[in-house]
Amino acid sequence: MTRDILQEVLQKIKPSKEERELVERIKGELLGLVREEIERAGLEVKPYFVGSLAKDTYLAGDHDIDLFLAFPLDVPLNDLKEQGFNLAEAIGKRLDSYEKAYAEHPYISGRYRGFDVDLVPCYDVNSWREVRTAVDRSILHNRWVLKHLNGRNDEVRLLKRFFKGINVYGSEIYVKGFSGYLTELLIIHFGSFLDVLKSADFMHRKKIIDPEGWLKKEREMALKTIEREKEAPLIVLDPVDPRRNVASALSWEKFARFYFKARGFLEKPSMEFFFPKEPQAADYRELIQRKGTHLIVLLFEKPPFIDDVLLPQLEKSAKGLWKAVEKAGFNVYDANWGYGEKAFIMLEVEGLERPKIKVHPGPEFYTSRGLNFYKKHDMVWVRGRNLFSEKHQKSHIVDVIIDLLEKNQVSLGRNLRDAIKEADILVDFVPPGLKREAYLFLSKKKWNLK
């Protein structure tokens, strides 16, 4: 049964002969354009295709082309940035459309005949000791995977689709999941899709995967990496660079989801792990009544940023609000964030009110600190040797949140501070466009462990 399911999945995700021919034709056309522009610029630059299209681990319909423009090592970094971008832009002008994008240094992101194309300047490195920018390793990654994959391309495709299906695929800062390269390394190390799933518990306990044997070849460097990454859920020493953990972006939450889903598939295999149905949503208001908790929603204008910028700042703001509200005396169960027409932060809290009076324990009365405490507070009493005071405070959670924001006592994302301070604060209510989101959050179905 399991094999039948995997074959059915492969029929859906493996590129057809016609699709492969199209991909190779487009790559050939791009390579011709690139070589012409390199020659026109008079540069000694080697073009390399990297990523899943270059390694034949891409899924049907997934046609992102990464084309790296590799400069000689003797080119100064500033020259690489300037000449590399100028070259990439000259190529970009021959695409259907293009725009300037930013990583460690600027590159060009464009479209050509329906394909997304990234044109990235880098150095033409042959070992980790020559790496000078973060993108240089991509060429080495490509070579290593092509050398060691040994025909297991479809196993990579299955694992990649599984990761996508359970929503743990992608190393972006707002995803914190398994990258494409990490997916390939897991298949190379464990042997097959099913073997990776069977090794979920082993990965958690063993934690360290060393495909290239750096712990023998470069032990001191590898141990430094392991020490630095010791709090990570998984350490995969990059087979092309012992200084790097390929799984550094992976969060405990995403690893836990993989852990449970792997067990679930092995126990009861199903196509739904690869192609999940949309979770069913019900009335969030009935759920609030049944749970006896409350939903607080901050609704504010969405700044015009890409997800790579916006979502991490939303996460920081949501967690900052959670911490501040708890410190203020409310019990917060969970937080959620995202955007639709507007950006939002949701908190599930135990209650809406805190005591109107707060008792402050003070120092011993006969100390200098005790004297200062006595002078500072109007209502003061002694219990044993210590002073105590009380003060009135705002009791409703909405008033408290407004106060915390006005006094800058919430750690917020840099670009969201002004918008969040102007947020509408809703209690046990969301606009129609967020009803489904509210239910999935309150029911925990958003996290989809079961």
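**Exercise 1.** Which residue in strand 14 is the bridge partner of Val382?

*Solution.* The structure is a predicted model, in which local features need pLDDT of at least 70, side-chain atom pairs count only at pLDDT 80 or more, and totals for chains, interfaces and linings use all residues. Residues are numbered from 1 along each chain as its sequence is written, and side-chain values use heavy atoms, with hydrogens and water left out.

Step 1: locate the strands, which are DSSP runs of E with at least two residues, numbered from the N terminus. Strand 13 covers residues 380-383 and strand 14 covers residues 386-392.

Step 2: check the pairing, for which DSSP must find at least two bridges between two strands. Here 4 bridges join the antiparallel strands 13 and 14.

Step 3: read off the partner. Val382 is bridged to Leu387.

Step 4: inspect the turn. The hairpin has 2 residues between its strands, and Gly384 takes a positive phi near 70 degrees.

**Exercise 2.** Is Gly42 buried or exposed?

*Solution.* Gly42 sits in the loop between helix 2 (17-41) and strand 1 (46-50); a helix is a DSSP run of H or I with at least four residues.

Step 1: apply the classes: buried is under 20% relative accessible area, exposed over 50%, partly exposed in between (1.4 Å probe, protein chains only). Gly42 has 62% relative accessibility, so Gly42 counts as exposed.

Step 2: contrast this with Lys358 of strand 12 (residues 357-364). Lys358 counts as partly exposed because its relative accessibility is 36%.
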